[in-house]
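Here is a short briefing on surface charge and aromatic contacts. Keep the sequence and the 3D view at hand while reading.

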Amino acid sequence: MALEITQFLLSAQSADQKVRTEAEGNLRQFQEQNLPSFLLSLSVELSNNDKPLESRRLAGIVLKNSLDAKDAARKQQLLQQWVAIDISVKLKIKEMLLSTLGSSATEARQISAQVIAKIASIEIPRKEWPELIRLLLFNMTQQDRPASLKQATLEALGYVCEEISHQDLVQDEVNSVLTAVVQGMSVTEYSPEVRLAATKALYNALDFAQTNFENEMERNYIMKVVCETTVAKEPEIRQAAFECLVSIASTYYEVLEPYMQTIFELTSKAVKGDEEVVALQAIEFWSSICDEEIELQEFEEVDGGDSGTSHSHFIEKALPSLVPMLLETLLKQEEDQDQDDTTWNVSMAGGTCLGLVARTVGDAIVPLVMPFVQTNISKGDWRSREAATYAFGSILEGPGVEKLAPMVHAGLEFLLNAMKDENSHVKDTTAWTLSRIFELLHSPSNGFSVISPANLQRVLGVLLESIKDAPHVAEKVCGAIYYLAQGYEDAGGPTSSPLTPYLPDIITCLLATADRSDGSDSKLRASAYETLNEVVRCSNLKETSHIITQLLPVIMNKLAQTVEFQIVSTDDRERQGDLQALLCGVLQVIIQKLSSADETKAVILQAADQIMVLFLKVFACRSSTVHEEAMLAIGALAYATGPEFGKYMSEFYKYLEMGLQNFEEYQVCAISVGVVGDISRALDENILPYCDGIMTLLLKDLSSGELHRSVKPPIFSCFGDIALSIGEHFEKYLVYAMPMMKGAAEICARMDNSDEEMVEYGNQLRRSILEAYSGILQGFKNTKPDLMVPHAAHLLQFLELVCRDGQRDESVTKAAVAVLGDLADALGSNVKNLLKDRTFCNEFLVECLHSDDEQLKETATWTQGMIGRVFAVSG
């Protein structure tokens, strides 16, 4: 049944494009015509030691890609295809793969281990490969098996543990896997290659070890072996062992107490003297402990109750030794670390960990860090000055304002002067520290700010001068201006803002920065425009309307220029798209700002035609980032212009259609759905001529297995917007929309509440279904309320499910109490009998009426009144 495919596989890697294309076509044809034979042929090729390594490698890759994909819909399709293959063929493929673990070729062994795991991910949850773990463990227990086979087997075990859930194995299997893996880490028995594979396998198997970590004897043994492995001779093994400790820190925090002294000594030694890859993991261990303790503290603050895990205060106990160790790392900077965003080194990891320590212990960190700052801040060596500044900036979140205020007040002038330091690293970190100060300690509306009318001019003078510095420094300065502007939002009341006199200079500097010829290769241009957006958004409109009005044609002109760019290469197209996206973003903010008051809305209405022409020209460039930003800006324009937006629909509709059909770039699709809502609210019944097309596309989106699930909740909300806009005309879509809504409600009922991501998605889906019901009920209320009577029982059933869900968030609660009121308001006496039997309604209303949220209480009071009216009117 297997066919000879060596030549095809070799030709598919040929330098000659014609040969390559023909071979790829032949392989694809074979795959489509006879998938079982194709997969078997690939496994035979991979397992055959006499075949060329190049063909074996590609066979393994194609085999793996035939079993798994990143896209969820494609992954499901591949799973179904594998399940449908005859058992005897699958058995042969699996035998071939297991035999390849003993191959003399390293690459063949490695890829075979990966493919075994992919098959396991399909079959083990379905109880279809029960003997796999036993067969793999057999390789480990036989003394005469070669080290290479044991290494490949451990790799396979690690990959299998990564792919499947801990619920898929029985405890005996878990025990056997852990025994084999931990024994494989033994320094006396195995080669470094086997020990590395075993340590990596343990990392993937730790999630399965819950029961074992509850048993003190087993836990002690695992921890002893892991700790011993952190001092192995080989750095890759030491790194993998510390990765295991990082995982243990977050998974088994509550049982770590007896091992912490040993772990501190091991991490301290690694941070001070080991290779960087090892030191990074040692620091990461403490960052993980911080994450755990911050989460425990947040839980205690919110719930005041028992999270189930006791707080061991490891960071507090280790503080006197841990902080000096981290401060020492700050002096290990790299010469070019500011130039590359992807750089991650010991100095950066240490500073990040120090920041987490500050958030964990608060005020206690200040006296431990400030002597280091004071000693190093004025030294002649740039590393000392930069490290001191980084330490200062890292501890600004966590300690209280009372503790930080005196030292920040004292240090602000020093930092402003340091923006003229001769070293660019020092300036970069100083600008970052200033942005942290403005983000965390500049909130005039809350009564505290390190900036006063007396020093504001000095601060802005330094920032607007420093923004001309090297791109990486200027980018951090943009961040400082961003948070400075944000802090002044609502600061001077409705009439005045301290920032207003400086606004023209700030805007001029930001526009000049965005236009810098050296800014396009870094993130500087994007930072400048994002900061401009925040400056506009947070400005006081009464005082600055003329400035923002003048800015509008400047940005429009810049956007018009991008349409005329000469596009010769893909890079040109990308640069054009990036700039258009940024400029559309600025226009969106200006439109929202000026249309937020009646006095200035006329500016937007006057310019709307020209703005829309520009957006349509941008769409013609067809870049997904532009499409996204232009869509968002059009949503803002629709909101601002209201019914007037109707005149643009005939031109715009084709782009809206394209957006709603963009399954691949699902964010574009999601934004397009949001824009449909904006347009519905703007046009009301005038959207009717486009409703058939829009509803068809929305229903198609909901039915698609390809479209990312995150787009589906906004579609239901959109149904509500459309129904509210077109009222009784929504009747023709009811027969299609209601089954979709009921189907989604059933999915909510079956959702896995143990998965945080699914809980969040479930809340989004519930809220959007409720919003759809609200819009439809309100849309039919005055003309055809009876159309919803047949669906009332289902809605109440769904509401009961939602109300009894302990994991619903506040937005779901608000949507639920609102739709309950809409149901009573729209259907009146028609729902009296249904409401009479639903005890949950009263319980839920009581819960809402006792809420601290005033808006929720208000809605609940209105809903209570609507239900009361149903019973009063019908006697």
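A charge patch here is made of residues with over 30% relative accessible area and no salt bridge, with like charges joined within 9 Å. Asp and Glu count as negative. This is a predicted model.

**Negative patch**
- Glu284, Asp291, Glu295, Asp752, Asp755, Glu756, Glu760 and Asp809 gather on the surface as a patch of negative charge.
- Two elements, α16 (276–303) and α36 (756–780), each give two or more residues to this patch.
- Helix α16 supplies the largest share, three residues.
- Asp752 sits in the loop between α35 (731–749) and α36.
- Asp752 has 40% relative accessibility, so it counts as partly exposed.

**Aromatic pairs**
- The count of aromatic pairs comes to 14.
- Phe285 and Trp286 pair edge-to-face, at 5.2 Å centre to centre and 90 degrees between the planes.
- Phe285 counts as buried because its relative accessibility is 0%.
- Trp286 is also buried, at 1% relative accessibility.
- Phe619 and Phe652 form a tilted pair, because their ring centres are 6.1 Å apart and their planes lie at 35 degrees.
- Phe619 belongs to helix α29 (residues 598–619) and Phe652 to helix α31 (residues 649–660), so this pair ties together parts that are 33 residues apart in sequence.
- Both Phe619 and Phe652 are buried.

**Aromatic cluster**

Methods
Residues are numbered from 1 along each chain as its sequence is written. This is a predicted model: local features need pLDDT of at least 70, side-chain atom pairs count only at pLDDT 80 or more; totals for chains, interfaces and linings use all residues. Side-chain values use heavy atoms; hydrogens and water are left out. Patches are made of residues with over 30% relative accessible area and no salt bridge: like charges are joined within 9 Å, nonpolar side chains (Val, Leu, Ile, Met, Phe, Trp, Tyr) within 5 Å. Accessible areas come from the Shrake-Rupley method with a 1.4 Å probe; for residues, only the protein chains shown count as cover. A salt bridge is a side-chain nitrogen of Lys or Arg within 4 Å of a carboxyl oxygen of Asp or Glu. The place of a charge is taken as NZ of Lys, CZ of Arg, CG of Asp or CD of Glu. Helices (H or I, at least four residues) and strands (E, at least two) are DSSP runs, numbered from the N terminus. Buried means under 20% relative accessible area, exposed over 50%, partly exposed in between (1.4 Å probe, protein chains only). Rings of Phe, Tyr and Trp (its six-membered ring) pair if their centres lie within 6.5 Å; planes under 30 degrees apart count as stacked, over 60 as edge-to-face and the rest as tilted.
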